[in-house]
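Below is a briefing on local features of one protein model.

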Amino acid sequence: HPDEAVVTAIGNVFARFAEMGSARRVWLWFRSERLTFPLQMHAHADIRWVEASYTAIHHVLTNPVYAGAYVYGKTRQETTLDAAGARKKRIRHLPRSEWQVLIQEHHEGFIDWQTYEANQDRIARNTRPRPHNDPCKASGAVREGRSPVFGKQVKRLSFL
């Protein structure tokens with residue numbers, strides 16, 4: 001990008017991710033440093049400097065364009081009918097194996113492709129933690145089973 005401030009902001013995302021290992025931590029770092037982030041709604045729009053959002057940070061980390069790749073066909077629009085017969089449209093993100101075009105090293109990126117793939121693995125491990133082998137340490141709410149507090153069978157716990 002010709003604007004050095006934009007290049008610095010994007011570079012900071014990758015530098016902090018390498019150091020901190022999580023998109024959320026990078027976002028919190030931007031906020032704690034009171035750094036603004038470049039936002040461009042489309043290719044011909046002016047850049048606005050806004051408070052960094054988690055979504056913007058995550059987008060930079062997961063978009064292959066920042067690794068120098070040209071990609072086309074990452075998403076597919078699907079139309080379905082709901083119960084009343086009305087059309088519902090949604091965008092579905094496709095797995096990499098189904099992208100129509102992927103040209104690595106298409107242009108100079110902020111990171112190389114190997115780093116991009118390692119970052120995607122790291123992000124996937126952060127957002128989808130593996131279940132623990134010890135059932136006493138399993139994450140998530142208990143829905144059924146014997147209550148350790150009440151000592152009786154519980155179907156479902158709900159809190160209002």
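The model is predicted, so local features need pLDDT of at least 70 and side-chain atom pairs count only at pLDDT 80 or more, while totals for chains, interfaces and linings use all residues. Residues are numbered from 1 along each chain as its sequence is written, and side-chain values use heavy atoms, with hydrogens and water left out. Helices (H or I, at least four residues) and strands (E, at least two) are DSSP runs numbered from the N terminus.

**Salt bridges**

- A salt bridge is a side-chain nitrogen of Lys or Arg within 4 Å of a carboxyl oxygen of Asp or Glu, and a search of the whole structure finds 6 of them.
- One of these joins E51 and R31, whose closest N and O atoms are 3.7 Å apart. Because E51 lies in strand 2 (residues 48-51) and R31 in helix 2, the pair ties together parts that are 20 residues apart in sequence.
- R31 is partly exposed, with a relative accessible area of 43%, whereas E51 counts as exposed at 56%.
- R76 and E98 meet through their side chains in another salt bridge, at 3.8 Å from N to O. This pair links distant parts of the chain, 22 residues apart: R76 is in strand 4 (residues 75-81), and E98 is in the loop between strand 5 (87-93) and strand 6.
- R76 is partly exposed at 36% relative accessible area, and E98 is partly exposed at 35%.
- E117 forms a salt bridge with R96, with the closest N and O atoms 2.7 Å apart. Here too distant parts of the chain are linked, since E117 belongs to helix 4 and R96 to the loop between strand 5 and strand 6, 21 residues apart.
- E117 has 31% relative accessibility and counts as partly exposed; R96 is partly exposed at 33%.

**Nonpolar surface patch**

- Y70, Y72 and I103 make a nonpolar surface patch of about 300 Å².
- Patches are made of residues with over 30% relative accessible area and no salt bridge; like charges are joined within 9 Å, and nonpolar side chains (Val, Leu, Ile, Met, Phe, Trp, Tyr) within 5 Å. Accessible areas come from the Shrake-Rupley method with a 1.4 Å probe, and for residues only the protein chains shown count as cover.
- Y72 is found in strand 3 (residues 70-72) and counts as partly exposed at 48% relative accessibility.

**A buried asparagine**

- N63 sits in the loop between helix 3 (54-62) and strand 3, and is buried with a relative accessible area of 15%.
- The N63 side chain reaches the backbone nitrogen of V65 at 3.0 Å.
- Leaving aside neighbours within four places in sequence, N63 is in contact (heavy atoms within 4.5 Å) with K74 and Y116.

**Positive phi angles**

- Most residues other than glycine have a negative phi.
- R34 is not a glycine, yet has a positive phi near 55 degrees. R34 lies in the loop between helix 2 (23-32) and strand 1 (36-39) and is exposed at 76% relative accessibility.
- E105, also not a glycine, has a positive phi of about 55 degrees. E105 is in the loop between strand 6 (101-103) and helix 4 (113-127), and counts as exposed at 75% relative accessibility.

How values were computed: Buried means under 20% relative accessible area, exposed over 50%, partly exposed in between (1.4 Å probe, protein chains only). A polar contact is a pair of N or O atoms within 3.5 Å; within protein, one must be able to donate a hydrogen and the other to accept it, and residues adjacent in sequence count only if both atoms are side-chain atoms.
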